[in-house]
Amino acid sequence: MSNPRLSLSLSTLVLLVACNQVTSSEKAAETKTDAPVEAKAPPAPTAPAPAAPTGPATVDELLGLVQDGTASYVVFKAPDSLLALAETAASTFEQPLTTLVTATSPDKVSTLTENFALFKHGVADAKAALAKAGTDLARGIVVTSTSLSGGDDTVVTFSASSAEAAQGLLAALKIPDAATAVCQAVATRPGYVTCAKDQATIAAYKPADGKTARTRLNAALPAVAVDDLAFFGYVADGDVHFGLDNPAGGATLHVSAPPDAKDMFTTLAPGQAELLRFAPPGTGFMWMKLDLDELKKKGLNEVPPPFSATVGAFTGEVLFGGSADPAALQARFGFSDTSSLAPLADLAVAFGGPMIHNKPIPDVPGSKVSFKAENVSVGPDKVKALHFGASGVPQAKALADQLGLSLDAWVFPAEGTLAAVVGADAKSVGLVKAAANSEATIAALPPGLAQSLRAGEVGFVGHIPLDGLQSPALTRLLDSALASVPGYNPANARSALAVVAPVSSTTMWVSEHQNTGVIHFAVQTIGNTTDEEGKAALAAAASADPVKAFTDLAAKYPNSPRISAYQTRAGQGGPGALIGGSAPALLLATAAAYAVFSPASMTGTGDAIAAPPVLEVPKVEEPKKEEPKKEEPKKEEPKKETPKAETPKTETPKTETPKTETPKTETPKTETPKAETPKTETPKTGGIKIDASKVEKPKRVGRQE
């Protein structure tokens with residue numbers, strides 16, 4: 001026959017020979033038919049039957065095993081490192097978990113011990129089975145769907161000596177339905193075998209072009225070191241790429257911004273984080289840089305002239321953070337020019353002072369509120385500050401002793417910001433100031449975040465240190481606050497905290513590069529297993545006397561980027577270390593509490609919303625058209641309101657304000673659920689309680705909508 005057919009059949013034969021590991025002598029005999037070409041090129045024999053590659057697989061190689069198209073997939077580039085991470089985690093948490101369970105649930109200790117033993121044996125058995133099947137974990141594992149629909153069309157591709165060995169591996173690993181699974185060598189990738197539930201799924205598997213898949217991955221996760229990821233993948237449902245890297249002493253998950261997050265990225269404007277100089281290393285903070293152009297579209301440029309200069313100087317940077325020395329919470333707003341902020345303190349006092357200054361705190365006998373303008377020293381400068389304070393509060397001393405906080409709040413312009421500082425008294429408020437630069441703070445953050453911050457690619461950061469959970473200040477606070485609680489056991493509390501002792505911080509940030517957003521989540525441990533300091537830190541966390549262990553560690557490594565974490569655990573940061581690290585958590589808790597308990601959030605939950613009908617009742621005298629707004633199906637009720645509305649009980653829920661104000665029958669029936677009118681009118685200056693109408697004008701429901 002003609003040469004083309006012959007050459008096609010020979011190439012097909014070569015592939016089969018390579019997959020079935022035919023001997024080299026047979027290959028030479030088969031290929032001699034193409035004498036003219038084959039004889040001249042020595043490399044020709046190796047090209048048709050390439051040996052299975054060895055060593056770690058590259059990202060491009062593994063992406064070449066993903067299903068062609070945009071089907072979902074997960075690639076485990078370094079499953080051996082992930083397995084090692086799981087083993088390290090098991091050995092790290094076994095002892096503290098066993099101690100806690102022994103103290104709290106002795107009957108479950110044996111089960112816990114068995115589970116850890118099963119895990120260890122399972123890992124050992126898996127490694128033995130992998131070696132027997134000729135599977136090299138460094139060659140990676142690819143799990144992909146053969147269609148966009150997903151479901152039961154999954155195929156798994158990994159290195160193995162043969163299809164039979166791969167099927168034996170599935171059985172050894174006790175994979176469900178391993179007995180009926182079908183495995184087949186990948187013709188184009190020597191050394192790899194694909195397994196699926198049946199032959200039809202295997203037949204539908206079409207490996208992609210690795211370069212195309214790599215281009216899509218790079219575009220979805222810009223500025224992420226894709227080659228350093230331990231695993232990565234793509235979810236077609238949602239069009240989201242993701243990847244995880246595990247640098248020494250931590251792990252970071254990167255997720256491409258889903259379509260639902262577009263509004264968030266529109267609001268943020270990545271740039272240099274100048275305000276991080278106000279966040280001391282080891283303290284928690286939330287930082288963001290807002291897009292001023294977007295804010296102007298939403299009305300920022302419509303501020304009246306007296307304040308337009310102030311608003312125009314806003315840089316878009318915002319920081320909420322903590323301070324350990326002195327203990328305080330702070331908020332900072334960046335301004336290119338703070339000169340227009342100076343008169344604001346006097347202006348606020350002029351308007352609010354008469355209503356607030358020297359007034360008692362409701363339900364706190366002997367207390368007094370202070371609201372005035374004062375000068376405070378910030379470095380060499382003196383600035384006018386708005387001071388809100390309180391005296392005569394019995395809990396003030398305990399707050400100062402246990403957390404280092406005072407009942408003071410200050411608002412003042414300083415160091416290119418409008419600052420709000422809570423918890424520092426007049427002597428220490430000026431000490432809550434900026435460092436020379438933010439490099440020490442950035443160096444203590446996850447490596448990927450530090451790199452992106454220096455490149456100006458970050459628009460939002462939320463950093464929560466957890467070292468304060470291991471500080472002596474917290475254990476003293478728990479013992480003091482919970483001493484009278486039945487069942488509280490200090491030893492058990494310490495055992496529970498010891499379970500999370502290896503974890504040092506959690507961080508979330510948002511980056512944008514080449515107009516593509518990525519969301520990152522990182523966990524950092526107190527140490528690592530790759531260097532001497534990291535091993536010493538992990539040992540200190542598991543020590544019987546962690547305070548002494550971390551005191552020694554801080555003395556040995558005074559220049560470590562982790563020094564603030566060591567000092568906090570050693571108790572060297574004082575009570576302020578706890579509040580300084582907890583700032584973001586407190587902010588989130590406050591926001592959550594407001595969302596749950598604010599009046600606006602209560603709409604539709606009861607008679608607290610009876611205020612809207614109050615505005616409509618006076619208009620009921622017109623037609624009956626407004627009755628539907630009250631959601632009352634019967635039209636007879638409005639008629640009853642005029643003559644008999646006050647007597648019958650039916651009118652009580654919604655006709656309280658129009659005519660029921662004269663008889664005080666409303667107080668027992670309707671005012672009780674609201675708890676605002678009966679009990680609030682007396683202590684909260686009943687004369688000013690005309691706010692029954694004023695409360696309904698803002699209504700806060702409109703804001704929520």
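Ground rules. The model is predicted, so local features need pLDDT of at least 70 and side-chain atom pairs count only at pLDDT 80 or more, while totals for chains, interfaces and linings use all residues. Residues are numbered from 1 along each chain as its sequence is written, and side-chain values use heavy atoms, with hydrogens and water left out.

Overall figures. The protein chain has 29 helices and 18 strands. These are DSSP runs, numbered from the N terminus: helices are H or I with at least four residues, strands are E with at least two. Of the 705 residues, 38% are buried. Buried means under 20% relative accessible area, exposed over 50%, partly exposed in between, with a 1.4 Å probe and protein chains only. The chain exposes about 37600 Å², and carbon and sulfur atoms supply 61% of that. Areas come from the Shrake-Rupley method with a 1.4 Å probe; for residues, only the protein chains shown count as cover. Now contacts, meaning heavy atoms within 4.5 Å. Among those between residues at least 6 apart in sequence, 60% join residues at least 24 apart.

Next, the strands. Two strands pair if DSSP finds at least two bridges between them. S18, residues 516-525, pairs antiparallel with S8, residues 250-256, over seven bridges. S18 also pairs antiparallel with S17, residues 503-513, over ten bridges. In S18, Val-518 stands opposite Ser-256, and Ile-519 is the bridge partner of Val-510. The S17 and S18 hairpin has two residues between the strands, and Gln-514 there takes a positive phi near 55°.

Stay with S17 for Ser-511. Why is Ser-511 classed as buried? Because its relative accessible area is 6%. The Ser-511 side chain makes a polar contact of 2.7 Å with that of His-520. A polar contact is a pair of N or O atoms within 3.5 Å; within protein, one must be able to donate a hydrogen and the other to accept it, and residues adjacent in sequence count only if both atoms are side-chain atoms. Ser-511 also touches other residues, including Phe-265, Glu-457 and Val-458.

On to helix H21, residues 563-570. Seven of its eight residues are buried, so H21 is largely enclosed by the rest of the structure. Those buried residues pack against H17, S17, H19, H20 and H22. After H21 comes Gly-571, with a positive phi near 80°.

Salt bridges. The rule: a side-chain nitrogen of Lys or Arg within 4 Å of a carboxyl oxygen of Asp or Glu. The count is 14. Lys-120 and Glu-94 form one, with the closest N and O atoms 2.9 Å apart. That pair links helix H6, which holds Lys-120, to helix H5, which holds Glu-94, 26 residues apart. Another joins Glu-439 and Arg-454 at 2.7 Å, N to O. Here H15 holds Glu-439 and H16 holds Arg-454, 15 residues apart.

Last, the surface. Phe-307, Leu-347 and Phe-351 form a nonpolar patch with about 320 Å² of accessible area together. Patches take residues with over 30% relative accessible area and no salt bridge: like charges are joined within 9 Å, nonpolar side chains (Val, Leu, Ile, Met, Phe, Trp, Tyr) within 5 Å. Phe-351 sits in helix H13 and counts as exposed because its relative accessibility is 63%.

Technical notes
Lists of a residue's contacts leave out its neighbours within four places in sequence.
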